[in-house]
Amino acid sequence: MSEIVGQTLIVIGSLVFGAAGLGILRLRDVFARLSAIATGAGLGMPLILVGVFLLEPSWERAVKLGIAVVLQLVTSAVASMAIARSAYLIGAPLVGGPGEVPDELADVEAERRDRGQGTADTTREAR
């Protein structure tokens, strides 16, 4: 029974990765693409790892599984946020263009400039 569940989880995890790959090809801007791949990595990899564990269970592998899943979730989230911030700071376009898509970070930066606190977003200011 655990073999069937394990194989099913591996297939579902692979389908999640496939959907993320399709999202990279079909979505229109870097932020949507990044969301697709971060979700794929955050959900697909743990599904595959748990599936493999169910095929060959042991206490040693359970510890490795726990560490791998936690590290995957933490590093995937941090990396995707860092990439998204750098894409924003270099001026990657948002889908729909200015005014059609809410840009809360630009509002925060404008508020900081108005208060005289400076800004970390020097690239977008020049545009």
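**Exercise 1.** State which element the buried residues of helix 1 pack against.

*Solution.* Helices are DSSP runs of H or I with at least four residues, numbered from the N terminus. Buried means under 20% relative accessible area, with a 1.4 Å probe and protein chains only. The buried residues of helix 1 are Gly 6, Leu 9, Gly 13, Val 16, Ala 20 and Gly 23. Their packing partner is helix 2 (30-55), where contact means heavy atoms within 4.5 Å.

The model is predicted: local features need pLDDT of at least 70, side-chain atom pairs count only at pLDDT 80 or more, and totals for chains, interfaces and linings use all residues. Residues are numbered from 1 along each chain as its sequence is written, and side-chain values use heavy atoms, leaving out hydrogens and water.

**Exercise 2.** Compare the reach of helix 1 with its expected span.

*Solution.* Helix 1 covers residues 2-26, which is 25 residues. The expected span is 1.5 Å times one less than the number of residues, here 36 Å. From first C-alpha to last, helix 1 reaches 36 Å, close to that expectation.

**Exercise 3.** Identify the residues of the largest nonpolar core and the elements that supply them.

*Solution.* A nonpolar core is a set of buried Ala, Val, Leu, Ile, Met, Phe, Trp, Tyr and Cys residues joined through side-chain atoms within 4.5 Å. The largest one has six residues: Phe 31, Leu 34, Ala 84, Ala 87, Tyr 88 and Ala 92. Helix 2 and helix 3 (59-89) each give two or more residues to this core. Helix 3 gives the most, with three.

How values were computed: Buried means under 20% relative accessible area, exposed over 50%, partly exposed in between (1.4 Å probe, protein chains only).
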